[in-house]
Amino acid sequence: MKRSKTLADESLEREIKAALQAEAAAVEVSAEAEAALFAELAKSRADRSWAAKMPLSWNWPVRRFLLSFCLIFCLSCAGVFATQVGSGGGWVSGGPSYEADSFAKMPKLVERLSFEPRYLQSFANGYSFVDAHVSGAQGLDERGRRMSHVYMELYANYYNPASGENLTLNVNNIPNGFSGQALQTRQVGNVELKYEEQAYKFVPFDYVLTDADWAALADGSLVISIGTDTVENNLLQSVVWVQDGVKYHMFGFDLSLSGDELLDMAAEIAAIEL
């Protein structure tokens, strides 16, 4: 007779996942191990939808790239996704998620947050609200264990019917900083908006990293994600800012918008009086 999973079992599983997350930063992966890993991953391509366009190497050391991929594979199969990993700690997201499929439901949704976010139903350039969700994130301590506090963050999605393009607004109070390089800035009152760009390369499981890939990963100019059918190069465009202790990140891939136009949209949000 199969034994039912207990709360203690689930607690132990969470501890193991968190410990694996932290240990990734301390493991070195040889070239031989990397090659073997790619060979094994190539055998699993029949069921890879979970990995499609999942950014992996956000500020991670290059030699740990493949190990980080394996870690995200293990965590994602368990319904937990890594959002940021650094040496001696990091963040994992998962847990409860709440959705709003109409703007009328937003007041109820944002009650899940511990802060008051700024957001809009529509922008002057035609982007309008599609849906939103609130989900949790937890920090990891130096031993890779989940900290008790869960930070709830907001993701609101917008669509422009004229261009057919989408962008997302993320709002949270997670205590970590933005690490990108600002290409343009704009001041709105006492708030500084920063426009950033990040190149992404989405590749199949059996893709072999080139010397140029390794060099770009090393200098931070490229993020590589595994799981697509073909090689795709995309540009992530973002505006980030901190306002009243809350962090805002508005972003989209391969937008026809200029940096100034994205800053205009961010300025509409930053100008909201709470």
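Analyst: Two strands pair if DSSP finds at least two bridges between them. Strands (E, at least two residues) and helices (H or I, at least four) are DSSP runs, numbered from the N terminus. The model is a predicted one, in which local features need pLDDT of at least 70 and side-chain atom pairs count only at pLDDT 80 or more, while totals for chains, interfaces and linings use all residues. Residues are numbered from 1 along each chain as its sequence is written, and side-chain values use heavy atoms, with hydrogens and water left out. The protein chain contains six helices and ten strands.

User: How many bridges join β4 to β5, and over how many do β5 and β10 pair?

Analyst: β4 and β5 run antiparallel and are joined by seven bridges. The pairing of β5 with β10 is also antiparallel, over five bridges. Val 171 links the two descriptions: this residue of β5 is the bridge partner of Leu 154, and it stands opposite Tyr 248 in β10. Four residues lie between the strands of the β4 and β5 hairpin, where Gly 164 takes a positive phi near 75 degrees.

User: Why is β5 described as largely enclosed by the rest of the structure?

Analyst: The term to apply is buried, meaning under 20% relative accessible area; exposed means over 50%, and partly exposed lies in between (1.4 Å probe, protein chains only). Seven of the eight residues of β5 are buried, so the strand is largely enclosed by the rest of the structure. Across the protein chain, buried residues make up 45% of the 274 residues.

User: Is Asn 170 buried or exposed, and which backbone oxygen does its side chain reach?

Analyst: Asn 170, a residue of strand β5, counts as buried because its relative accessibility is 7%. A polar contact is a pair of N or O atoms within 3.5 Å; within protein, one must be able to donate a hydrogen and the other to accept it, and sequence neighbours count only if both atoms are side-chain atoms. The side chain of Asn 170 reaches the backbone oxygen of Leu 154 at 3.1 Å. In terms of contact (heavy atoms within 4.5 Å), and leaving out residues up to four places away in sequence, Asn 170 touches Glu 153, Leu 154, Tyr 155, Lys 247, Tyr 248, His 249 and Phe 251.

User: How should I read the nonpolar core, and which residues have the most contacts inside the largest one?

Analyst: In soluble globular proteins, nonpolar side chains tend to be buried together. A nonpolar core is a set of buried Ala, Val, Leu, Ile, Met, Phe, Trp, Tyr and Cys residues joined through side-chain atoms within 4.5 Å. The largest has 39 residues, and Leu 169, Leu 193 and Trp 241 have the most contacts inside it. The elements that each supply at least two residues include β3 (128-140), β7 (191-203) and β9 (232-243). α6 gives the largest share, seven residues. Among the residues that Leu 169 touches, beyond those up to four places away in sequence, are Trp 241, Met 250 and Ile 269. A second, separate core has nine residues, including Tyr 207, Leu 217, Leu 222 and Ile 226.

User: Which residues of helix α5 are buried, and against which strands do they pack?

Analyst: The buried residues of α5 (residues 211-219) are Asp 213, Ala 216 and Leu 217. They cover an arc of only 100 degrees around the axis, which puts them on the same side of α5; the arc is that of the directions from the helix axis to the C-beta atoms. They pack against β7 and β8 (222-226). The face turned away from the buried side carries the exposed residues Asp 211, Ala 212, Ala 218 and Asp 219. Just after α5, Gly 220 takes a positive phi of about 80 degrees.

User: Which loops hold Asp 244 and Asp 254?

Analyst: Asp 244 is in the loop between β9 and β10, and Asp 254 is in the loop between β10 and α6. Although Asp 244 is not a glycine, its phi is positive, at about 55 degrees; its relative accessibility of 62% makes it exposed. Asp 254, likewise not a glycine, has a positive phi near 50 degrees and is partly exposed at 39%.
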